[in-house]
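Me: I have a model open and would like to go through it with you, one topic at a time. Can you keep to what was computed from the atoms?

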Amino acid sequence: MTEMSEIAPPSWPTRPPSATPPPVPTRVRIQGDTAADALAAGRRPSLPVESVFEVGDVSVFYGAKRALAGVSLRIPRSRITALIGPSGCGKSTFIRSLNRMNDSVPGFRLEGSVLYHGHDIYASKVDRVEVRRRIGMVFQKPNPFPKSIYDNVAWAPRNLGLRQGLDERVEQALRGAALWDEVKDRLKSSALGLSGGQQQRLCIARAIAIEPDVLLLDEPASALDPIATASIEELMHSLKGRFTIVIVTHNMQQAARVADGTAFFGLEAVDGEPTGTLIEYADTETIFGAPADPRTRDYVTGRFG
Amino acid sequence: MSEGPFDPAAPLRPTGNLRRRRVVSQVAEYGATAAAVLAVGVLAIVIYTVLARGAGAISFDFLVKGEPDGIGPMLVGTAEIVAIGTLIAAPIGVLIAIYLTEFGGGRLSGFVRLTLDLINGLPSIIIGLFVFGLLVNHHKQSAVAAAVALAIIMLPIVARGTQEVLALVPESMREASDALGVSRWRSVLTVILPSATGGILTATILAVARAAGETAPLILVDSVFDGKEVSLNPFEVVPNIPVKIFRLSEEANPEAITQAWGAGLVLLSFIMIAGLGARALLARSKARMAG
Amino acid sequence: MSTVARPIPQARPGRGSRGGDRRRSLDRFGDAALRAVCGGAAALAVLVLVVIGFQVVKGAGPAISQFGLGFVTDAEWQPNFEVFGAGTVLYGTLISSFFALLIGGPIAIAIGLYLSLLAPKGVRGVISPLVEMLAAIPSVILGFWGLVVLAPYAQKHFEPWLHDTLGFVPLFGEPQTTGSSVFTASLILTIMIVPIIASISRDLFLAVPRDVQDGASALGATRWEVIRGVVLPSTTSGVIAASLLGLGRALGEAIAVAQVIGAGSQISANLFKTGDTLAARIANQFPGAITEMHKASLFYLGAILLAIGLVSNLTAQWIGKRFDYRRAIAR
């Protein structure tokens with residue numbers, strides 16, 4: 001793991017986003033590689049992109065047990081970044097650490113730094129509620145409030161004082177979640193009467209109604225049937241330009257179809273204990289087409305997990 | 001890139017109306033904490049008062065002698081009344097619980113459950129009126145009447161507690177018994193009930209703790225006593241603690257007040273210890289059930 | 001009807017058919033006997049409830065035929081003149097109980113929120129039992145404490161302060177010479193009902209699923225907003241049912257109220273005056289009641305109390321059954 005810490009020292013200085021990343025060992029590539037590398041690999045060079053998250057050597061502990069070891073990566077703006085890997089490798093733990101949703105888990109401790117637009121979100125003076133306002137989350141199991149559809153979407157904007165044009169805001173959010181046409185005639189009916197896929201899209205509408213900067217999606221389609229899953233995927237494409245999206249998924253095909261960059265998490269022995277860690281992170285074509293790490297190759301070609 | 005209502009790159013301090021909402025949330029949290037502190041504070045004050053003012057009255061004589069020096073006969077009397085009440089309420093309560101868990105299901109047991117809840121919520125003075133009309137009117141006051149009143153109060157507590165414990169007995173135990181060809185009544189008496197003894201005991205102790213302090217029914221059916229001597233005849237009036245405290249509390253002289261505190265301390269100590277004992281038993285039998 | 005307990009003759013080792021037959025009939029008899037005995041106990045409970053109602057109404061018979069339904073509102077209660085009416089005590093009962101619920105309800109809900117959502121687990125394990133211990137204090141001791149400690153304190157400090165600041169409200173009129181008053185009785189009742197409502201509320205709040213609360217937090221809502229937007233709306237029915245149970249307790253409390261309310265016999269808006277309640281009057285006057293009409297009138301008070309108590313309890317049960325987290329609530 002020492003190579004990791006060379007790339008991302010815990011005290012990551014706040015640098016202007018346009019600076020090029022430092023040279024990296026071959027195991028990990030960070031989004032925004034130089035034009036020469038891209039051309040050598042036969043791809044169009046991608047523009048260096050501003051990063052929203054800079055994760056520096058993050059380890060997560062629940063009590064004495066380490067769930068995640070030494071993860072460092074950068075999440076670029078307005079792109080979709082997928083986190084894939086077998087169960088139990090810390091993907092959920094990682095994504096929940098990005099908006100401090102793990103704080104309520106007893107024994108949670110994070111080492112390393114998570115920088116959001118250069119600010120450490122785990123610093124002492126940081127307002128957790130403000131973090132979550134900017135970084136929204138949709139969970140694996142749809143969790144609509146026991147309220148009407150309208151009130152589900154309007155609840156957070158009301159809290160934030162965004163009462164002007166609430167009706168339009170709700171409509172825009174529902175349209176953005178591809179749910180408007182299905183529910184526009186029954187906005188006052190209970191959200192609990194919707195199907196699973198509709199409820200999940202409602203949760204997405206709820207999250208985007210307050211126009212967050214980032215959308216975190218923790219396996220949003222895993223509790224849904226294939227048709228509902230497909231609708232969620234379509235949604236991802238349309239939301240891509242508007243938000244920075246990080247999505248955890250078990251479904252590799254989904255990641256391949258939807259994501260710009262993909263991070264592969266796996267289990268490594270750290271201090272004798274199998275612990276979740278980041279194995280490889282690159283743009284999606286590379287991960288699925290020509291992965292550098294043999295474990296990545298095994299996973300994406302279906303040899304295990 | 002939607003230029004949202006905030007600047008995402010700004011430091012992570014409250015934006016928009018968050019500062020105000022933060023304050024509201026903090027105030028709410030402080031309020032809830034204050035309420036809890038208030039409740040514990042009142043408890044502490046009451047217990048402290050009883051302890052401080054009652055301790056002075058406690059002495060060997062106080063606990064053993066009768067009127068006017070002590071409350072000995074009252075202690076014996078309350079013990080007798082509660083014991084008889086338990087003898088009546090506990091078996092019936094357990095039987096009702098068995099009915100609800102083993103033969104239950106259907107509208108009838110819903111009705112029985114409702115009845116138990118209603119009895120539990122009945123004002124105890126009403127139970128006193130009932131027992132008065134049934135047993136005391138045209139007769140006389142007696143310990144048995146008091147015991148019957150207490151038994152009615154204790155019944156729902158024993159029944160509900162036992163029913164909860166019986167419901168915890170895993171279905172697999174009943175199935176295993178049936179598969180072995182053991183009849184229902186044998187399973188209940190030899191397998192299911194014994195595994196629930198801890199819970200039954202707990203429920204009974206809680207019921208006793210509640211009944212020991214009940215004053216209202218006793219005022220009506222077991223209150224005309226002088227408390228000079230121990231009286232054990234259950235068909236006569238028997239001195240008891242709660243009525244004694246009530247009487248003493250209505251007197252103005254300091255002697256009586258001190259005695260009232262003393263008697264109150266004895267009663268409260270018993271109830272607290274019984275409560276703690278029940279809680280410990282409950283924790284132990286829950287652990288055994290789960291383990 | 002369960003038929004699970006039929007023994008399976010083939011499953012038992014060979015025993016000689018006559019022994020097996022006897023065993024089988026013994027078992028069938030045993031099962032039937034157990035069922036009968038247990039069913040009998042259950043029926044007994046129902047019988048007891050019915051007979052209680054019957055006895056109370058029967059005892060009130062002479063007064064009912066004498067005074068009719070007007071008794072309920074008549075304010076005259078003069079045992080010496082054989083004139084009885086429930087007006088003053090009914091008023092006292094309702095006023096003291098509702099006041100107790102008004103103060104105690106919000107406090108209890110706040111405690112429930114604290115114990116379920118705000119307190120660290122260790123603290124919860126200590127404070128929860130303490131709050132429940134408050135409910136275990138016998139009413140005669142609490143009433144005695146109220147008489148000797150709370151009433152003088154209230155009379156010296158609370159009542160004058162309330163009268164000075166809120167005296168324009170007729171509720172907070174002139175304090176009397178002793179602290180024995182409807183106000184003090186309400187305070188004691190508050191102490192009694194808070195633990196009941198608080199522990200039920202705590203369990204209700206703990207049952208609200210974590211994932212919905214997480215969903216609300218993830219939208220950038222403060223703790224209070226999560227409580228107000230998700231936890232409280234989904235437990236409203238249950239909390240109301242709990243409050244009604246607390247109210248029932250307050251309505252029926254005889255002893256503690258008798259000790260601190262001062263046995264007054266007027267209807268007054270002023271909380272600081274003495275008063276009386278249905279239950280307290282029965283407790284105070286029944287032992288000394290000599291004439292049949294006096295006793296019957298006290299039974300009549302009991303019947304009214306029984307009716308109010310049952311209505312309150314049944315409403316609580318009904319609301320409690322309708323309570324279902326998954327019910328949609330538009331706001």
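Me: Is A:L83 buried or exposed?

Reply: A:L83 is buried, because 29 other C-beta atoms lie within 10 Å, where buried means 20 or more such atoms within 10 Å of the residue's own C-beta, exposed means 12 or fewer, partly exposed is in between, and C-beta atoms are placed from the backbone. Please keep in mind that this is a predicted model, in which local features need pLDDT of at least 70, side-chain atom pairs count only at pLDDT 80 or more, and totals for chains, interfaces and linings use all residues. Residues are numbered from 1 along each chain as its sequence is written, while chains are lettered from A and ligands numbered from 1 in the order in which they are written.

Me: Which element holds A:L83, and what does A:L83 touch?

Reply: A:L83 sits in strand β3 (residues 80-84) of chain A, with helices (H or I, at least four residues) and strands (E, at least two) taken as DSSP runs numbered from the N terminus. Leaving out residues up to four places away in sequence, A:L83 touches A:K91, A:F94, A:I95, A:V246, A:V248, A:A263 and A:F265, a contact being two C-beta atoms, placed from the backbone, within 7 Å. A:L83 and A:A259 are 176 residues apart in sequence, yet their C-alpha atoms are 9.3 Å apart in space.

Me: What is the make-up of chain A in helices and strands, and how much of it is buried?

Reply: Chain A has 12 helices and 10 strands, and 53% of its 305 residues count as buried. Of the contacts in chain A with a separation of 6 or more, 70% join residues 24 or more positions apart.

Me: Where in chain A does pLDDT stay under 50?

Reply: That happens over residues 1-33 of chain A, for which the model has 55 contacts beyond four places in sequence; pLDDT is the predictor's confidence in each residue, from 0 to 100. Where pLDDT is low, the predicted coordinates should not be read in detail. For chain A as a whole the mean pLDDT is 82, and 83% of the residues reach 70 or more.

Me: Which backbone angles should I look at?

Reply: Most residues other than glycine have a negative phi. A:D57, in strand β1 (residues 51-62) of chain A, has a positive phi near 50 degrees, and A:D57 counts as buried because it has 20 C-beta neighbours inside 10 Å. A:E219, which is not a glycine either, has a positive phi of about 50 degrees; A:E219 lies in the loop between β7 (214-218) and α9 (226-239) of chain A and is buried, with 21 other C-beta atoms within 10 Å.

Me: Moving to chain B, why is it described as more spread out than a compact globule?

Reply: Chain B has 12 helices and 0 strands. Its radius of gyration is 26 Å, well over the 19 Å that the globule rule gives for 291 residues, so chain B is more spread out than a compact globule; the radius is taken over C-alpha atoms, and the rule is 2.2 Å times the number of residues to the power 0.38. The C-alpha atoms of chain B fill a box of roughly 90 × 65 × 35 Å along the principal axes.

Me: How many residues of chain B are in contact with chain C?

Reply: 71 residues of chain B are in contact with 78 residues of chain C. Helix α1 (residues 18-55) of chain B gives the largest share of the chain B side, 19 residues. That side has 48 nonpolar, 15 polar and 8 charged residues, where Ala, Val, Leu, Ile, Met, Phe, Trp, Tyr, Cys and Pro count as nonpolar, Asp, Glu, Lys and Arg as charged, and the others, Gly among them, as polar.

Me: Which residues have the most contacts inside the largest nonpolar core?

Reply: They are B:I96, C:I111 and C:A283, in a core of 280 residues, a core being a set of buried Ala, Val, Leu, Ile, Met, Phe, Trp, Tyr and Cys residues joined through C-beta atoms within 7 Å. Helix α6 (residues 143-168) of chain B gives the most to this core, with 18 residues. Domain 1 (17-68) and domain 2 (71-322) of chain C both give residues to the core, so it lies between them; the domain bounds come from an automatic or database domain assignment.
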